[in-house]
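Please read the points below with the model open beside them.

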There are 2 protein chains.
Amino acid sequence: MTRAWTLASRPSGVPADEDFALIDIDLPPLKEGEVRVANRWLSVDPYMRGRMNDVKSYVPPFQLGAPMDGGAIGEVVESRADALRPGDMVQHMAGWRDAAVIPAAAAQKLPALEVPPQAFLGQLGMPGMTAYFGLLAVGEAKPGDTVFVSAAAGAVGSTVVQVAKAKGMTVIGSAGGSDKCAWVRDLGADQVIDYKADEPLVKALGRAAPEGIDVYFDNVGGQHLDAAIAHAKPRGRLAICGMIDMYNTGAPTTLRYAARIIGARLKIEGFIVSDYMDRADEFYREMGALLADGRFRREETVFEGIEQTPAAFRGLFTGENRGKMLVKI
Amino acid sequence: MTRAWTLASRPSGVPADEDFALIDIDLPPLKEGEVRVANRWLSVDPYMRGRMNDVKSYVPPFQLGAPMDGGAIGEVVESRADALRPGDMVQHMAGWRDAAVIPAAAAQKLPALEVPPQAFLGQLGMPGMTAYFGLLAVGEAKPGDTVFVSAAAGAVGSTVVQVAKAKGMTVIGSAGGSDKCAWVRDLGADQVIDYKADEPLVKALGRAAPEGIDVYFDNVGGQHLDAAIAHAKPRGRLAICGMIDMYNTGAPTTLRYAARIIGARLKIEGFIVSDYMDRADEFYREMGALLADGRFRREETVFEGIEQTPAAFRGLFTGENRGKMLVKI
């Protein structure tokens with residue numbers, strides 16, 4: 001027996017407590033090639049909101065009543081696979097639950113890097129890879145470029161800020177509220193925009209980047225995207241990673257500056273981190289080195305206990321996290 | 001003395017008669033290296049609308065009271081330059097007027113191709129290059145792709161349709177009204193959408209391309225762009241050439257399907273034909289061959305007399321042209 005979160009109903013807007021149910025499920029006996037994993041850390045990420053709707057997307061929707069998935073770090077406690085032994089720490093996708101029986105092939109043994117295991121759900125995991133490849137591969141950001149990143153206090157955004165600074169770029173980050181903005185500045189951002197302040201975003205960005213931006217890393221969509229289009233330099237690149245502004249509302253995106261896409265020859269490109277899995281070695285090598293030299297800040301917002309998972313998830317949309325949002329079991 | 005159109009006032013919305021004034025100007029005597037050109041054909045193009053506003057763009061705004069510019073075909077009638085002789089037919093940018101004195105370096109002698117001279121304002125000129133490089137270089141369209149093009153009855157769109165068919169693509173074109181739609185089908189389009197019909201565009205496109213589109217060639221923006229985003233296949237390319245929907249209104253672009261930019265990893269890229277001038281030889285060779293084999297349709301809508309230039313220009317926005325809109329002097 002183990003406990004697992006299921007989706008009880010498809011949320012409208014920000015998910016409510018009643019949309020989730022914690023149920024008991026049986027764990028089957030191991031078959032050949034399988035392992036039993038006791039989860040230690042669960043990841044909650046904005047993209048999961050999309051899976052709560054019943055629409056076709058790049059990841060299939062969660063099924064009502066079935067255990068939900070998501071990134072997790074666990075310890076192998078029983079194994080019928082040669083590749084993994086009890087005591088091994090692994091990363092896998094059977095999150096939102098205490099324990100799981102999974103094929104060993106679906107679990108990745110954590111690389112031997114000098115970081116705590118939950119870092120593989122953050123800067124050394126999916127959010128870190130998203131930041132790294134979105135900035136450097138999709139956004140084609142180069143030393144000397146001016147980079148604007150939204151949700152700069154989030155797991156992805158805060159890593160974008162630091163990778164960009166490590167690579168010699170000028171960074172403008174946006175975040176909501178003075179505390180987060182102060183933290184983004186601590187991370188090294190040259191300019192910080194509080195999007196909750198009175199000044200219209202498009203005006204604030206113009207002040208922060210009077211000569212324009214070369215790259216925009218979009219976690220937010222909506223007005224942030226419009227402001228970035230307004231201030232992109234000729235041949236600017238906009239790497240579209242997330243649109244948290246519309247995940248709950250489904251509101252359309254209104255672009256007042258769309259004509260600049262032509263005039264400034266902008267390139268707006270969406271991406272999904274899994275497309276870059278074949279470059280994971282490069283990522284671990286580079287990001288491992290950046291983390292090892294000690295200048296990188298790794299921040300976590302931790303909720304304790306599996307019972308808190310929905311609350312942690314909701315916190316992503318109400319701005320409660322600084323850095324990576326995690327649940328510790 | 002010659003006659004030249006000037007901008008009398010900056011239009012709001014579709015330009016009115018009063019926004020233009022035909023004035024007499026002196027032609028200076030030729031300096032060394034200059035030629036006098038008598039214009040035979042004037043081009044009017046949608047992009048000129050942007051130059052009528054006093055805003056910074058990729059081409060500077062027209063100055064009030066000064067002769068306007070634009071593509072033109074003229075005959076050299078006097079020369080103080082070695083490269084050009086009286087009788088030579090040239091293409092240049094001193095349009096919107098009867099005659100002009102210009103540096104020989106600013107006039108391009110028409111290539112020796114078996115087409116009438118005004119073709120160099122259409123399929124063998126800027127609109128043709130726009131269609132060719134927008135489809136093949138920006139949109140990266142390949143044989144077998146499904147291509148959607150808006151304003152498919154226009155100078156650029158009708159060329160996109162024909163280049164795409166010549167290259168073995170499936171083509172869906174949109175145009176306004178049954179006459180234009182019939183003509184676009186005659187050009188070879190596999191499916192035609194009448195955007196003035198009752199069916200919402202996003203639904204019509206879904207019916208025309210049930211498996212989605214690989215490439216969208218955008219001349220229109222607005223709902224056309226939104227529909228293309230809704231139906232683009234994974235890794236679809238959207239080449240943004242024009243947004244005639246907003247040139248006069250300045251209306252914002254509302255995207256209801258923006259989240260697909262991420263989910264389907266779409267690339268949306270703006271371009272300006274002048275960026276491809278260094279590949280002009282390739283263009284003349286390829287497009288010349290396509291025109292020479294006789295399958296290409298070259299259609300013109302011609303207004304007679306320089307007095308008609310503003311009316312011809314306005315017709316671009318009220319849907320009066322099929323193929324290239326021209327003024328014959």
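The numbered points that follow concern a predicted model.

1. The contact between chains. Chain B gives 28 residues to the contact and chain A gives 28 residues. On the side of chain B that touches chain A, the elements with two or more residues are strand E13 (253-255), helix H8 (260-263) and strand E14 (267-270) of chain B. E14(B) supplies the largest share of that side, 4 residues. By residue class, the side of chain B that touches chain A holds 16 nonpolar, 7 polar and 5 charged residues.

2. Strand pairing across the contact. Which way do strand E14 of chain A and E14(B) run relative to each other, parallel or antiparallel? They run antiparallel, and 3 bridges join E14(B) to strand E14 (residues 267-270) of chain A. Within this pairing, Lys267(A) is placed opposite Glu269(B).

3. Domains of chain A. Domain 1 of chain A covers 2-121 + 299-328, and domain 2 covers 126-274. Taken over C-alpha atoms, the centres of the two domains of chain A are 28 Å apart. Their contact draws 16 residues from domain 1 of chain A and 16 residues from domain 2 of chain A. On the side of domain 1 that touches domain 2, helix H1 (48-51) and strand E16 (324-328) of chain A are the elements that give two or more residues. That side of domain 1 of chain A is made up of 6 nonpolar, 6 polar and 4 charged residues.

4. Strand E3 of chain A. Is this strand mostly covered or mostly open, and how many of its residues are buried? Strand E3 (residues 34-43) of chain A is mostly covered, with 8 of its 10 residues buried. E3(A) is joined by 5 bridges to strand E6 (residues 99-103) of chain A, and the two run antiparallel; here Arg36(A) has Val101(A) as its bridge partner. Over 7 bridges, E3(A) also pairs in the antiparallel sense with strand E4 (residues 72-79) of chain A, where Ala38(A) is partnered by Glu75(A). A further antiparallel pairing, over 3 bridges, links E3(A) to E16(A), and in E16(A) the partner of Trp41(A) is Lys328(A).

5. Phe303 of chain A. Strand E15 (residues 300-304) of chain A contains Phe303(A). Phe303(A) counts as buried because it has 21 C-beta neighbours inside 10 Å, where 20 or more are required. Neighbours within four places in sequence aside, Phe303(A) is in contact with Gln308(A), Ala311(A), Ala312(A) and Val327(A). Phe313(A) lies 10 residues from Phe303(A) along the chain, and their C-alpha atoms are separated by 9.8 Å.

6. The nonpolar core. The largest nonpolar core has 216 residues, of which Leu135(B) and Val147(B) touch the most other members. Not counting residues up to four places away in sequence, the residues that Val147(B) touches include Leu135(B), Ala164(B), Met169(B), Val171(B), Ile213(B) and Phe217(B). Thr170(B) and Asp214(B) are also among the residues that Val147(B) touches. In soluble globular proteins, nonpolar side chains tend to be buried together.

Terms used. Residues numbered from 1 in each chain as written. Chains lettered and ligands numbered in written order. Predicted model: local features only at pLDDT ≥ 70, side-chain atom pairs only at ≥ 80, totals over all residues. Core = buried A, V, L, I, M, F, W, Y, C linked by C-beta atoms within 7 Å. Buried ≥ 20, exposed ≤ 12 C-beta atoms within 10 Å, placed from the backbone. Contact = placed C-beta atoms within 7 Å. Domains from an automatic or database assignment. Nonpolar A, V, L, I, M, F, W, Y, C, P; charged D, E, K, R; others polar. Pairing = 2+ DSSP bridges.
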